Amino acid sequence: MLLPGKTIGVLGGGQLGRMLAQAATRLGYRVHVYEPQAHCPAGAIAHQEVNAPYEDLAALTAFARECDVVTYEFENVPAAPLQAIESLTQLRPHWRVLETTQNRSREKRWLRDNKFPHARFAEVTADGDLAAGIREVGVPCVVKTADFGYDGKGQLKILTEADLPAALARFAGQAVVVEQFVDFACEVSAVVARSASAAVRVFPISENIHTHHILDFCIVPARVPAEVLALAEKLPRLIAEKIDLVGVMGVEMFVTRTGEVLVNELAPRTHNSGHYTIDACMTSQFEQQVRAICGLPLGAVTLLSPVVMVNILGDAWAKGEPKWEALLAQPNVRLHLYGKAEPRPGRKMGHFTVTARDADMAFELAQKYQARLG
Ligand code: AMP
């Protein structure tokens, strides 16, 4: 057990690292952040910030030697250098978990091999036959690059065979996954935590609404039937056990119109859809991450109030500084900003949560407050 006072190393210095650092420092831990870009959101909170490329083994080694445990907040950290860290300190989750989940081909294969429900897919290697892959899965389908995909980046929806030439041109020379297009009823997700002693806790399921492929609203409790909720909680629990997770993991799922739950994506870190836990749960996903990687007892995941989380993207700055005062005047709103200087369109700059007596009311208010912000 790593007690308060020990040093937690975080690879990646974005907002997930920042909120992890906030939770960890509140519990009395020291936090060191490793991030290629200077002045990162997490660096402003951490005791130490190291700026070096992830491939710089000497810098990574020096960083790891100062930490009692190392975790990551970003899944595109190359897995190979992480192996080197493991001989110096504890890496949680294990690098194999990252290796499996950071590449869509490996991730989908893992889901298939372990019999977790998922959308039908075909893998196409960099020099493989994309047209054959698309024919195998059938249209409509979605082509996704195997590496470095998030928030719908590196994706193309194929509606008919006529879209084939565009897909061939765009993905030439890239390894991809071709996935059946799921006409889902809704999207849900869960953050699951598993400790070194194999205790597992799943946070309340979030119903997620995306706009232009980026998460816009998280509604909790999710407005889905009880059987769907039960499945959406059971799958992350089983996945955490099967993959031997120590830490937290976000599990994104599609709910089909017939009530099936399909696993879409795994992220072995805290998740945007779990931000609501800071304001509406007994334990936040970030504190849970600290507890899980430090071997402390996991915290209660009780929901204290129905809640909706709204992402604040750089687009909110289109007409100048957003009207924070209007938002902050609401008694049921909490605002979180990540300290990013440059509000680019699509960039996650912060979020706010709205609590209310039920999820529908919280969602209605959240939409109203969001519309007034920009
Ligand atoms: P991803 O980067 O895989 O999480 O995809 C981002 C978003 O694109 C998802 O949250 C869905 O809204 C949509 N999407 C991705 N894959 C599919 C699919 N196979 N069928 C339907 N929508 C999808």
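Before I go on, a word on what we are looking at. This is a predicted model, where local features need pLDDT of at least 70, side-chain atom pairs count only at pLDDT 80 or more, and totals for chains, interfaces and linings use all residues. Residues are numbered from 1 along each chain as its sequence is written, and side-chain values use heavy atoms, with hydrogens and water left out.

When I say strand or helix, I mean DSSP runs numbered from the N terminus: E of at least two residues for strands, H or I of at least four for helices. Two strands pair if DSSP finds at least two bridges between them.

So, back to that first pair. Strand β1 covers residues 7-11 and pairs with β4 in the parallel sense over 4 bridges. Besides the pair I opened with, Ile8 stands opposite Val69 in β4. β1 also pairs with strand β2, residues 30-34, again in the parallel sense, over 5 bridges. There, Gly9 stands opposite His32.

Is β1 buried or exposed? Buried here means under 20% relative accessible area and exposed over 50%, with partly exposed in between, using a 1.4 Å probe and protein chains only. On that scale 5 of the 5 residues of β1 are buried, so the strand is largely enclosed by the rest of the structure. Thr7, Gly9 and Leu11 are buried on one side, and Ile8 and Val10 on the other.

Now look at β4, residues 69-72, which is also covered on both faces. Val69 and Thr71 sit on one side, Val70 and Tyr72 on the other, and all are buried. β4 pairs with strand β5, residues 90-91, in the parallel sense over 2 bridges. Val69 has Gln90 as its bridge partner in β5.

Let's step back to the whole chain. The protein is divided into domain 1 (7-91), domain 2 (120-180) and domain 3 (184-373), with bounds that come from an automatic or database domain assignment. The C-alpha centres of domain 1 and domain 2 lie 34 Å apart.

Next, the ligand. Which residues come nearest to the ligand? There are 17 residues around the ligand, and Lys144, Glu179, Gln180, Val182 and Glu187 come nearest. Near means that one of a residue's heavy atoms lies within 4 Å. That shell divides into 5 nonpolar, 6 polar and 6 charged residues. For that count, Ala, Val, Leu, Ile, Met, Phe, Trp, Tyr, Cys and Pro are nonpolar, Asp, Glu, Lys and Arg are charged, and the others, Gly among them, are polar. Domain 2 and domain 3 each give at least three residues to the shell.

For polar contacts, think of a pair of N or O atoms within 3.5 Å; within protein, one must be able to donate a hydrogen and the other to accept it, and residues adjacent in sequence count only if both atoms are side-chain atoms. A ligand oxygen is 3.0 Å from an N or O atom in the side chain of Arg104. A ligand nitrogen is 2.8 Å from an N or O atom in the side chain of Lys144. With the side chain of Glu252, a ligand oxygen has an N or O atom at 3.1 Å. The protein covers 95% of the 470 Å² of accessible area that the ligand has on its own, by the Shrake-Rupley method with a 1.4 Å probe, where for residues only the protein chains shown count as cover. Giving two or more residues each to the shell are β7 (141-145), β9 (176-180), β10 (184-194), β14 (247-256) and β15 (261-267).

Two last stops. In helix α4, residues 95-101, we find Thr101. The side chain of Thr101 reaches the backbone oxygen of Val97 at 2.8 Å, and Thr101 counts as buried at 5% relative accessibility.

Finally, helix α10, residues 285-294, is mostly covered, with 9 of its 10 residues buried. Among them are Phe286, Val290 and Ile293. Just after α10, Gly295 takes a positive phi of about 75°. Gly299 is in the loop between α10 and β16 (307-313) and is buried, with a relative accessible area of 4%. Gly299 and Arg201 are 98 residues apart along the chain, yet their C-alpha atoms are separated by 8.3 Å.
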